[in-house]
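Biologist: I would like a close look at one part of this model, the place where two chains meet. Please take it step by step, as for someone new to the subject.

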Amino acid sequence: MALSAPANVRAPSSAGPMIWRIARSREVTLAAVLIAVAAFASVRAPNFLTADNLVLVTAFAAIIAIAAVGEALVILTKNIDLSVESTIGLVAFVVATVLKQHDMPVPAAWALGIGLGLVLGMANGVIVTIFKVPSIVATLGTLSVYRGLDFYVANGHEVNLVDLPAGYSDPAHQTLLGFQFGGIGFSGIPIFVILAILVVAAVGMALRYTVIGRQFYAVGSNAEAAAVIGVRSRLTVFLAFSLCGMLAGIAGVLWGIYFGTLYASSASGLSLQVIAAVVVGGVSIAGGSGTVIGAAIGALFLGLINNELPLLKVPQEWLTLVYGAVILVAISTDALIQVRSQRAKARSRVR
Amino acid sequence: MTNDQMGVNKPADASAASAAAEAPMPAGGGSRNMANSARAILSGVARWEVLLVIILAVVVWWGTRISPNYIQPDFWNSLNFGASVSGTMEVAIMALAMTPIIIMGDIDLSVESMVGLSGAVLGTLFVAGIPLQLGIPIVLVVGALGGLFNGLLVTRWGLPALVVTLGTLALFRGLCNVVLGTSYVSNFPSNFTAFGFGYVPGTDVPWTLLTFLVLAAVFCAVMHYTWIGRQIFSVGKNKDAARYSGVRVARVRTAMFVVSGMVAAFAGVILALRYNSVRADNGTNLTLVVVTIAVLGGVDINGGKGTIPGVIIAVFTLAALQSALRLAGVSSEYQNVAIGLLLIFSVITPQLARQLRVLVDRIRQSRRRPARDPVPGEVVR
């Protein structure tokens, strides 16, 4: 019963040759598949590898990735947050509304949006940890409650780009670190992507190298054992939901910048994409296993597919089908690998 | 301590067997003394189904206060309770099939997409000239196959139902989009659409309500009075124990997913006939309502507990609330808020009640505690 780290928890000091560990890790395989798909696309659809298109794809994927990092934190603790799409939609709309109606300085509006996300996440956390409502029920409820708040704020109106400060949507297309050297040009990294990388790095490092970070894994893999060694699991779960809400708030702010035009129904159905990114990225829905880098790569992968299908002249109707197939293939591969490795382990034990 | 456990557990177990939840019968048959039977009666009255009936009564009372038309003339037709009931029947029958799945600790999020897919297939077959008499059975088979796919992925490969059905939620909806595209099908023959919004000849009972009641009776009988139901509850309580007592756990779970897929496909048929049209977005967001009904009906989302009568009352409670809100001029977006809040509170309330009971018991016990500490091995009563 002690916390004898199940095999699928990647502790910092897991054994085995470096090469094997890298090859086996989900992040690397997924990145390889990602590159293969991108290469295929760039051959078949020349439009894919243009700077404009790449900025478009990666900037949107960055929004999903930031939300997916938050979702991954929650799923690591063996919970789920279905309400992220409503949080993103509500934050995006509220930020746009305060900018339109109250002439608030832009950074203050952004801070307000992120704060609102945090509050919504904390509300989820309170319902789950204090009132002990199973997270799937709690967030299914807040999914429609937060969306209702969005409709209340919108009151039948929408916010257009012209209502917002001049150039509000520009950061979505801006890049940094671009250079032009002889014939070789590099258009730079989109600001959104840099932001996503910073988020992934910060949360990833915290998960891997801090005590609180390890507690997320401990709670998710065996809550009782975690309690025995003194982990305050309810506090950890509350923290996960709060951070998830805050990151969804950041994603909501970025969503507003990216689209500029906002409706009360903005971002509906996005939870599926966010959770799909996390699952495809190798975070186990049973908790306790996975990394936020994987979740971010998963988001990039789904964003790539989203962008590629039209370029490859696949009708838009197929997109949902492909998403579903990707989710099922990803989790089935996981199960297959796990069964294989368990059999191999059993065989070596017999010998 | 043993008395407490009896007081808590007895009604929960008996709840599985008692079908007539409206009649709060004292559930503790084996109580030995007066105090025990008093407590049994009390926890019988405090049963969730009874509370739900009270909520239903309050909502209906509120509805009649808003508008006298709520119950009165033309019961099934205007914007009133009856119309809302007959408009809820698709989600109602899906909630029946969702109940055994949740009781076994699984969940099926894909039902709403199966509603869309079955409608799309039905419409496409109809356009291709295949009559509905043949189309409907084909669609039911499609539903069963979809459910089988879910069930096999969950049981054979040991994948969590939540992710599998999240995947098929997208997969089935994608198939539906591919089959139907942006086109839509309508003008089904009137003898079939009559099933969607007509009445049983000679009565004022909508066909859909009759269908629901028949299905509810079947589900209730199977879940609470047959070995199949006992197996489902035993799987929900403890999978290993069920397996050791000879329950073929994987088979039961798969079967219930098949039933769920088939019922969802049937709900898709009803929806198509009631709207007299099939579009690729038929049934979106229904899963929220289906799960809400099940949980509101007292089904434990963690598995092991729940009753069909509870789910049936929950259907009517939800319909009553929706029509009351509609009469009060609340738009459908805000109705969803009410449903969401209801969902959360329907879990919080029994939770708080349980915590309160534990607290009360603890206080009572601390009063009763003997002056000296018990000798090791001594049984404290």
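Modeller: The model is a predicted one. At the interface, 33 residues of chain A are in contact with 40 residues of chain B. Together the two chains bury about 3,100 Å² between them, and 85% of that area lies on carbon and sulfur atoms. Three residues of chain A, namely Val137(A), Glu317(A) and Leu328(A), supply 17% of the area that chain A buries against chain B, more than any other three residues.

Next come the polar features. Polar contacts do occur, with a count of four residue pairs between the two chains, both residues at pLDDT 80 or more. On the side of chain A that touches chain B, α6 (135–154), α11 (270–280) and α13 (318–350) each supply at least two residues. By class, that side of chain A has 24 nonpolar, seven polar and two charged residues.

Chain A also holds a helix pair to look at. Helix α7 (residues 191–209) of chain A packs against helix α8 (residues 211–221) of chain A at an angle of about 80°, and their axes are 5 Å apart. Angles of 65 to 115 degrees count as roughly perpendicular, so α7(A) and α8(A) are roughly perpendicular to each other. From α7(A), the residues in contact are Ala206(A), Leu207(A), Arg208(A) and Tyr209(A). They meet Val211(A), Gly213(A), Arg214(A), Phe216(A) and Tyr217(A) in α8(A). This contact has six nonpolar, one polar and two charged residues.

Definitions and conventions
Residues numbered from 1 in each chain as written. Chains lettered and ligands numbered in written order. Predicted model: local features only at pLDDT ≥ 70, side-chain atom pairs only at ≥ 80, totals over all residues. Heavy atoms only, no water. Contact = heavy atoms within 4.5 Å. Buried area = accessible area lost by both parts, 1.4 Å probe. Polar contact = N/O pair within 3.5 Å; in protein donor to acceptor, adjacent residues only side chain to side chain. Helix = DSSP H or I, 4+ residues; strand = E, 2+ residues; numbered from the N terminus. Nonpolar A, V, L, I, M, F, W, Y, C, P; charged D, E, K, R; others polar. Axes fitted to C-alpha atoms, helices over the stretch in contact; angles between N-to-C directions. Parallel < 35°, antiparallel > 145°, perpendicular 65-115°, else oblique.
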